[in-house]
Amino acid sequence: MATSSRVFGSYCRTLMAAAKSSTAATTPPAPAAAATATGKGRHKGILKPLPVSPALRKFVGSSEISRTDAVKKVWDYIKTNNLQNPANKKEINCDDKLKTIFAGKDKVGFLEIAKLLSSHFQKAS
(Lines give C-alpha, C1' and ligand atoms only; values in the text may rest on other atoms or scores of the structure.)
Protein backbone atom coordinates (compact mmCIF):
# COMPACT_ATOMS: atom_id res chain seq x y z
CA MET A 1 0.00 0.00 0.00
CA ALA A 2 2.81 2.38 0.82
CA THR A 3 4.48 1.73 -2.52
CA SER A 4 1.33 2.58 -4.50
CA SER A 5 1.04 5.99 -2.85
CA ARG A 6 4.68 6.71 -3.73
CA VAL A 7 4.18 5.65 -7.31
CA PHE A 8 0.89 7.47 -7.97
CA GLY A 9 1.28 10.32 -5.49
CA SER A 10 3.27 12.71 -7.66
CA TYR A 11 1.44 11.63 -10.82
CA CYS A 12 -1.96 12.45 -9.30
CA ARG A 13 -0.74 15.81 -8.01
CA THR A 14 0.48 16.68 -11.50
CA LEU A 15 -2.87 15.76 -13.06
CA MET A 16 -4.85 17.69 -10.46
CA ALA A 17 -2.71 20.80 -10.91
CA ALA A 18 -3.19 20.66 -14.68
CA ALA A 19 -6.94 20.22 -14.30
CA LYS A 20 -7.27 23.21 -11.97
CA SER A 21 -5.39 25.55 -14.27
CA SER A 22 -7.27 24.48 -17.42
CA THR A 23 -10.77 24.86 -15.90
CA ALA A 24 -9.97 28.34 -14.61
CA ALA A 25 -8.90 29.46 -18.07
CA THR A 26 -11.87 27.98 -19.94
CA THR A 27 -14.75 28.89 -17.62
CA PRO A 28 -17.76 29.95 -19.74
CA PRO A 29 -19.72 33.12 -18.92
CA ALA A 30 -22.71 32.87 -16.60
CA PRO A 31 -25.91 31.66 -18.36
CA ALA A 32 -28.05 34.54 -17.10
CA ALA A 33 -25.64 37.14 -18.43
CA ALA A 34 -25.41 35.38 -21.78
CA ALA A 35 -29.22 35.10 -22.08
CA THR A 36 -29.84 38.78 -21.46
CA ALA A 37 -27.05 39.87 -23.78
CA THR A 38 -28.50 37.90 -26.69
CA GLY A 39 -32.10 38.91 -26.02
CA LYS A 40 -33.22 35.38 -25.14
CA GLY A 41 -33.84 36.22 -21.48
CA ARG A 42 -37.62 36.35 -21.85
CA HIS A 43 -39.48 34.14 -19.44
CA LYS A 44 -41.89 31.54 -20.75
CA GLY A 45 -44.26 29.00 -19.24
CA ILE A 46 -44.45 28.93 -15.46
CA LEU A 47 -41.67 31.52 -15.18
CA LYS A 48 -43.64 34.16 -17.09
CA PRO A 49 -45.19 36.86 -14.88
CA LEU A 50 -48.98 36.92 -15.30
CA PRO A 51 -51.70 39.20 -13.94
CA VAL A 52 -53.29 37.79 -10.77
CA SER A 53 -56.61 38.04 -8.96
CA PRO A 54 -57.19 40.75 -6.33
CA ALA A 55 -56.96 38.19 -3.49
CA LEU A 56 -53.56 36.91 -4.61
CA ARG A 57 -52.45 40.46 -5.43
CA LYS A 58 -53.13 41.42 -1.83
CA PHE A 59 -51.26 38.35 -0.53
CA VAL A 60 -48.08 38.73 -2.63
CA GLY A 61 -48.12 42.51 -2.96
CA SER A 62 -47.77 42.58 -6.73
CA SER A 63 -50.19 42.78 -9.65
CA GLU A 64 -48.10 40.38 -11.77
CA ILE A 65 -46.09 37.37 -10.61
CA SER A 66 -44.91 34.08 -12.05
CA ARG A 67 -46.47 30.83 -10.84
CA THR A 68 -43.20 29.65 -9.31
CA ASP A 69 -42.68 32.90 -7.41
CA ALA A 70 -46.25 32.75 -6.08
CA VAL A 71 -45.71 29.23 -4.76
CA LYS A 72 -42.40 30.32 -3.19
CA LYS A 73 -44.07 33.25 -1.43
CA VAL A 74 -46.85 31.00 -0.11
CA TRP A 75 -44.30 28.51 1.21
CA ASP A 76 -42.26 31.30 2.82
CA TYR A 77 -45.43 32.50 4.56
CA ILE A 78 -46.28 28.97 5.71
CA LYS A 79 -42.81 28.39 7.12
CA THR A 80 -42.46 31.76 8.87
CA ASN A 81 -45.88 31.38 10.53
CA ASN A 82 -45.34 27.68 11.36
CA LEU A 83 -48.55 26.54 9.65
CA GLN A 84 -47.50 22.98 8.78
CA ASN A 85 -49.23 20.30 10.81
CA PRO A 86 -46.51 18.90 13.12
CA ALA A 87 -48.09 15.42 13.10
CA ASN A 88 -48.48 15.31 9.31
CA LYS A 89 -46.02 17.56 7.45
CA LYS A 90 -48.02 17.11 4.21
CA GLU A 91 -50.88 19.13 5.68
CA ILE A 92 -51.07 22.91 5.94
CA ASN A 93 -53.27 24.52 8.59
CA CYS A 94 -54.66 27.65 6.94
CA ASP A 95 -54.99 30.91 8.84
CA ASP A 96 -57.34 33.71 7.73
CA LYS A 97 -54.85 35.13 5.23
CA LEU A 98 -54.30 31.75 3.50
CA LYS A 99 -58.03 31.00 3.48
CA THR A 100 -58.55 33.98 1.17
CA ILE A 101 -56.43 32.38 -1.55
CA PHE A 102 -57.24 28.70 -0.80
CA ALA A 103 -61.03 28.91 -1.29
CA GLY A 104 -61.80 29.13 2.43
CA LYS A 105 -60.36 25.68 3.28
CA ASP A 106 -59.16 25.05 6.84
CA LYS A 107 -56.58 22.44 5.81
CA VAL A 108 -54.77 22.01 2.50
CA GLY A 109 -52.44 19.25 1.31
CA PHE A 110 -49.08 20.51 0.09
CA LEU A 111 -49.73 18.99 -3.33
CA GLU A 112 -52.92 21.08 -3.66
CA ILE A 113 -51.17 24.44 -3.33
CA ALA A 114 -50.26 24.88 -7.01
CA LYS A 115 -53.72 23.68 -8.09
CA LEU A 116 -55.51 26.13 -5.78
CA LEU A 117 -53.26 29.00 -6.88
CA SER A 118 -53.88 28.34 -10.59
CA SER A 119 -57.40 29.77 -10.36
CA HIS A 120 -55.89 33.13 -9.35
CA PHE A 121 -53.87 33.52 -12.57
CA GLN A 122 -55.53 35.07 -15.61
CA LYS A 123 -55.07 33.32 -18.93
CA ALA A 124 -52.30 34.76 -21.09
CA SER A 125 -53.47 36.39 -24.30
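Contact here means heavy atoms within 4.5 Å. By this criterion, and with residues up to four places away in sequence not counted, Val74 touches Phe59, Leu98, Ile101, Phe102, Ile113 and Leu117. The structure is a predicted model, in which local features need pLDDT of at least 70 and side-chain atom pairs count only at pLDDT 80 or more, while totals for chains, interfaces and linings use all residues. Residues are numbered from 1 along each chain as its sequence is written, and side-chain values use heavy atoms, with hydrogens and water left out.

The secondary structure of the protein chain comes to six helices and four strands. These elements are DSSP runs numbered from the N terminus, helices being H or I with at least four residues and strands being E with at least two. From the N terminus on, their order is α-α-β-α-β-α-β-α-β-α. Of the 125 residues in the protein chain, 22% are buried; buried means under 20% relative accessible area, exposed means over 50%, and partly exposed lies in between, with a 1.4 Å probe and protein chains only. Among the contacts in the protein chain with a separation of 6 or more, 32% are between residues 24 or more positions apart.

The largest nonpolar core has 22 residues. Such a core is a set of buried Ala, Val, Leu, Ile, Met, Phe, Trp, Tyr and Cys residues joined through side-chain atoms within 4.5 Å. Val74, Leu98, Phe102, Ile113 and Leu117 have the most contacts inside the core. At least two residues of this core are supplied by each of α3, α4, α5 and α6 (113-118). The largest share, five residues, comes from α4.

Helix α4 spans residues 67-80. Its 14 residues should span 20 Å at 1.5 Å a residue, and its end C-alpha atoms are 20 Å apart, which agrees; the expected span is 1.5 Å times one less than the number of residues. The buried residues of α4 are Ala70, Val74, Trp75, Tyr77 and Ile78. Seen down the helix axis, these residues fall within an arc of 160 degrees, so they line one face of α4. The arc is that of the directions from the helix axis to the C-beta atoms. On the other side of α4, Lys72, Lys79 and Thr80 are exposed. The cover over the buried residues of α4 includes α3, β2 (64-65), β3 (91-93), α5 and α6.

A search of the whole structure finds one aromatic pair. Phe59 and Tyr77 form this pair, which is edge-to-face, with 5.3 Å centre to centre and 75 degrees between the planes. Rings of Phe, Tyr and Trp (its six-membered ring) pair if their centres lie within 6.5 Å; planes under 30 degrees apart count as stacked, over 60 as edge-to-face and the rest as tilted. Phe59 lies in α3 and Tyr77 in α4, so the pair ties together parts that are 18 residues apart in sequence. Phe59 is buried, with a relative accessible area of 12%, and Tyr77 counts as buried at 16% relative accessibility.

Just after α4, Asn82 takes a phi of about 50 degrees. Asn82 lies in the loop between α4 and β3 and counts as exposed at 64% relative accessibility. Ala103 is found in the loop between α5 and β4 and is exposed, with a relative accessible area of 66%.

Ser53 is placed in the loop between β1 (50-51) and α3 (54-60).

Asp106 is placed in the loop between α5 (96-101) and β4 (107-109). Not counting residues up to four places away in sequence, Asp106 touches Ile92, Asn93, Cys94 and Lys99. Asp106 and Asp95 are 11 residues apart in sequence, with a C-alpha to C-alpha distance of 7.5 Å.
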